[in-house]
Amino acid sequence: MKEAKKHRKETYSESKKSFLYKFFQKITIDARNEFFNLFVLYTNYTVEKSIIDIGTTPSLDKEQNIFLENTKKNNKITCLSNQDCKILYKKYKNINNILIGDGRSTNLDKNSFDIVHSNATIEHVGSFKNQILFVKEMIRISKEYVFIQTPNRYHPIDFHTILPIIHWLPKNIHRRILKYMKLDFYSKEENLNLLSLNDLKKICVKLNIKKYKILKYKLFFFTSNFILIIKKLD
């Protein structure tokens, strides 16, 4: 937790050190606005729906929390993060509640929210087993839909480190290289564990999810992100 607070106060924190930051900032904003459009399209979202955003970032930078920017008219928004996000009350007056907790075990009641949303968080919860627990918990607290967006492990660039190709290597080798490059935080599975399309499908099989869809978002002709949409069955 302490290490996460130190190193991950902002998504894509490493990119802020790069001369390409402004370029990637625009890409991030455009992509996340498109993710929101898909969220509206596939979850029957309206401003009357209760939503929990899991993995909210305590940042006021304009590329962060695009989801909150697009839901300002909804006063049934709850945020859950392993970091203190109370700073967001200043910008988003409509937020109903901000919780500090663990997305793998929220201690919230079953069917607490109409829609459970998470943007670029599942790759930061640790092992594949933890990722399964994360999705399972999102389903448990949802009444209608679960919406999960995550980067594609096999996009040529990892946007966390802004490094090309090396994340295609076996994960143990990838982590050794990151450690050698002094990227200790991202070299640990508990902090970064990228997923492939097959990984997402395996999660759905493991949890016996019957009704789901995986959308592919493309950047520079390559699939950069996956969006897993789960319809909660009665």
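Helix H4 and strand E9 each supply at least two residues to the lining of the second largest pocket. Helices here are DSSP runs of H or I of at least four residues, strands are runs of E of at least two, and both are numbered from the N terminus. The model is a predicted one, so to speak of local features takes a pLDDT of at least 70 and side-chain atom pairs count only at pLDDT 80 or more, while totals for chains, interfaces and linings use all residues. Residues are numbered from 1 along each chain as its sequence is written, and side-chain values use heavy atoms, with hydrogens and water left out.

Back to that pocket. Its lining is made up of Lys136, Ile139, Leu207, Asn208, Ile209, Lys210, Lys211, Ile230, Lys231, Lys232 and Leu233, and about 170 Å³ of space lies inside. A pocket, on a 1 Å grid over the protein atoms alone, is an open set of points where a 1.4 Å probe fits, with protein on both sides within 12 Å along at least five of seven lines; lining residues have an atom within 4 Å of a point. Grid points are joined across faces, edges and corners, and the volume is the space filled by probe spheres set on them.

As for the chain as a whole, there are six helices and nine strands. Of its 234 residues, 55% count as buried, that is, under 20% relative accessible area with a 1.4 Å probe and protein chains only (over 50% is exposed, in between is partly exposed). Take the contacts (heavy atoms within 4.5 Å) between residues at least 6 apart in sequence: 66% of them join residues at least 24 apart. Mean pLDDT, the predictor's confidence in each residue from 0 to 100, is 91, and 89% of residues reach 70 or more. Residues 6-12 stay under 50, and the model has 25 contacts for them beyond four places in sequence.

Strand E9 (residues 222-231) pairs with strand E8 (residues 212-219) in the antiparallel sense over eight bridges; strands count as paired if DSSP finds at least two bridges between them. The two form a hairpin with two residues between them, and Phe220 in the turn has a positive phi of about 55°. Lys213 stands opposite Ile229 of E9.

Two other residues of E9 are worth a look. Leu228 sits in this strand and is buried, with a relative accessible area of 2%. Leu228 and Phe147 are 81 residues apart in sequence, yet 5.9 Å apart in space, C-alpha to C-alpha. Ile230, also in E9, counts as buried because its relative accessibility is 3%. Between Ile230 and Val146 there are 84 residues in sequence and 5.0 Å in space, C-alpha to C-alpha. Beyond four places in sequence, the contacts of Ile230 include Val135, Ile139 and Tyr212.

Then there is the largest nonpolar core, with 24 residues, where Ile54 and Val135 have the most contacts inside it. A nonpolar core is a set of buried Ala, Val, Leu, Ile, Met, Phe, Trp, Tyr and Cys residues joined through side-chain atoms within 4.5 Å. Strands E1 (51-54), E4 (113-119), E5 (142-151) and E9, along with helices H4 (128-140) and H6 (197-206), each supply at least two residues of this core. H4 gives the largest share, five residues. Apart from this core lies another, of 23 residues, including Phe35, Leu88, Leu215 and Tyr217.
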